[in-house]
Amino acid sequence: MNKLTLVLFLIVIAAPCSIAQEKSEAEIRSVVEHFQQALQHRDVNAIEPLVAKDIVVLENGHRNDGWLDFRDNHLIPEMKEPAPPSKTEVVKITASPVMGWAYTRTAMSLTRKNGEKSDAELWTVYIVEKRGTQWKITLLDWSMRLLKPATAK
């Protein structure tokens, strides 16, 4: 009888934890997907509420420290160019009720200003934190590699 009681007790305790984790994962997925959509649509105003004011962004050896640095020295200059055709998939999300991480893979076709074309793969890691009632991206890590050498037109 003690084993049955223990099993029932563990089920009662584990079920709310599992539900909270699933809810957190769904909320983090929503933040990541909205961030990706805003990037694709070149919408800085839609990105701002998704990120923390103290966000750190790492990209291929460079760092932006804080929202204003990220916005002014990364996003705005990058968004002067049209978004390359791309397809993003969420690969993994891990969450607790207050913090989580996710990563995505984006396949994209790039055309440089000189006409060179190449396919690329972008891996994005998101660290997200529950701040008050909202999830905020606190760290982004972008890593891109070319999949085939660029060729002239």
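Predicted model: local features only at pLDDT ≥ 70, side-chain atom pairs only at ≥ 80, totals over all residues.
Visitor: What makes a set of residues here a nonpolar core?

Guide: Such residues are buried and nonpolar, and they are joined through side-chain atoms within 4.5 Å. The largest core of this kind has 29 residues, and Phe-35, Ile-47, Ile-137 and Leu-140 have the most contacts inside it. Helix H1 gives the most, with six residues.

Visitor: Which residues does Leu-140 touch, leaving aside its neighbours within four places in sequence?

Guide: Among them are Phe-35, Ile-55, Val-57, Phe-70 and Tyr-126.

Visitor: Why is the pair of Tyr-103 and Trp-123 called tilted?

Guide: The ring centres are 5.9 Å apart, and pairing asks for centres within 6.5 Å. The planes stand at 50 degrees; stacked needs under 30 degrees and edge-to-face over 60, so the pair counts as tilted. Tyr-103 lies in strand E4 and Trp-123 in strand E5, 20 residues apart.

Visitor: How do you know whether Tyr-103 is buried or partly exposed?

Guide: Its relative accessible area is 26%. Buried means under 20% and exposed over 50%, so Tyr-103 is partly exposed. Trp-123, at 32%, falls between those limits too and is therefore partly exposed.

Visitor: Where in the chain do Phe-70 and Trp-142 sit?

Guide: Phe-70 is in helix H3 and Trp-142 in strand E6, 72 residues apart. Both residues are buried. Their rings form a tilted pair, 6.0 Å centre to centre with 45 degrees between the planes.

Visitor: Which residues do ring pairs link into a cluster?

Guide: The cluster consists of Phe-35, Trp-67, Phe-70, Tyr-126 and Trp-142.

Note on methods
Residues numbered from 1 in each chain as written. Heavy atoms only, no water. Buried < 20%, exposed > 50% of the residue type's maximum accessible area, 1.4 Å probe, protein only. Helix = DSSP H or I, 4+ residues; strand = E, 2+ residues; numbered from the N terminus. Contact = heavy atoms within 4.5 Å.
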